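Take a look at the model first, then read on.

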Amino acid sequence: MGTGRTRRAVLGGLAGTVAGAALAGCWPNSTRKPSPPSPHPLTPALGGTQALVDRYQATIAGYPDLADRLQPLLADHQAHLAALRKAMGLPAPSASASVPATASGAADQDAAVAALKAAEQSGRTEAVTACLAAPATHAPLLGSIAACRATHVEVL
């Protein structure tokens with residue numbers, strides 16, 4: 001007989017390895033809680049875009065005289081929102097409640113436009129940062145949103 005291992009020795013060694021792994025905690029344990037899923041990388045962009053949509057809707061509702069000027073910018077943000085939701089695999093949102101209109105003066109309108117411009121500047125910075133940090137699959141979408149927000153700053 002040769003110096004090779006017997007089948008019993010190999011099976012015994014394998015059983016010992018499995019038992020050792022189980023005792024060491026390497027064996028799958030059904031009582032362990034799975035780690036929570038990490039948020040989708042587009043979640044912050046989605047939230048920022050929704051905030052801009054809400055801000056534009058409130059400004060248009062509060063200052064109807066600005067509607068012609070702001071409606072195309074709002075439409076851009078709504079398109080961004082739809083594209084982000086689609087990229088994330090989320091369903092379209094239900095209709096949001098309308099914001100009541102309030103009386104406004106010219107100085108208040110100027111302040112409202114200035115606030116929108118500041119929000120666009122902040123949103124542009126956030127979109128650029130997100131684009132640079134995003135996986136390659138999401139960078140074109142985030143880059144186009146950042147570029148659009150830059151044009152909005154100029155329009156406002």
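Predicted model: local features only at pLDDT ≥ 70, side-chain atom pairs only at ≥ 80, totals over all residues.

Residues are numbered from 1 along each chain as its sequence is written, and side-chain values use heavy atoms, with hydrogens and water left out.

**Overall picture**
- The protein has five helices and zero strands; helices (H or I, at least four residues) and strands (E, at least two) are DSSP runs, numbered from the N terminus.
- Starting at the N terminus, the order of elements is α-α-α-α-α.
- Of the 156 residues, 27% are buried, meaning under 20% relative accessible area with a 1.4 Å probe, protein chains only.
- The accessible surface is about 10200 Å², and carbon and sulfur atoms hold 62% of that; the areas come from the Shrake-Rupley method with a 1.4 Å probe.
- Among contacts (heavy atoms within 4.5 Å) with a separation of 6 or more, 75% join residues 24 or more positions apart.

**Helices α3 and α5**
- The axes of α3 (residues 67-88) and α5 (residues 139-155) come within 11 Å and cross at roughly 170 degrees; axes are lines fitted to C-alpha atoms, for helices over the stretch in contact, and angles run from 0 to 180 degrees between N-to-C directions.
- The two helices are therefore roughly antiparallel, the term for angles over 145 degrees.
- On the α3 side, the contact is made by R69, L73, D76, H77, H80, A83, L84 and A87, and on the α5 side by L141, L142, I145, C148, R149, H152 and V155.
- By type, the residues of this α3 and α5 contact are nine nonpolar, three polar and three charged; Ala, Val, Leu, Ile, Met, Phe, Trp, Tyr, Cys and Pro count as nonpolar, Asp, Glu, Lys and Arg as charged, and the others, Gly among them, as polar.

**Helices α2 and α5**
- The axes of α2 (residues 43-62) and α5 come within 12 Å, crossing at roughly 30 degrees.
- α2 and α5 are therefore roughly parallel, which is the label for angles under 35 degrees.
- Here A45, G48, T49, L52 and Y56 of α2 meet L142, R149 and H152 of α5.

**A proline in α3**
- P72 sits in helix α3.
- P72 has 45% relative accessibility and so counts as partly exposed, the class between 20% and 50%.
- P72 and H152 are 80 residues apart in sequence, yet 9.8 Å apart in space, C-alpha to C-alpha.

Methods. Parallel < 35°, antiparallel > 145°, perpendicular 65-115°, else oblique.
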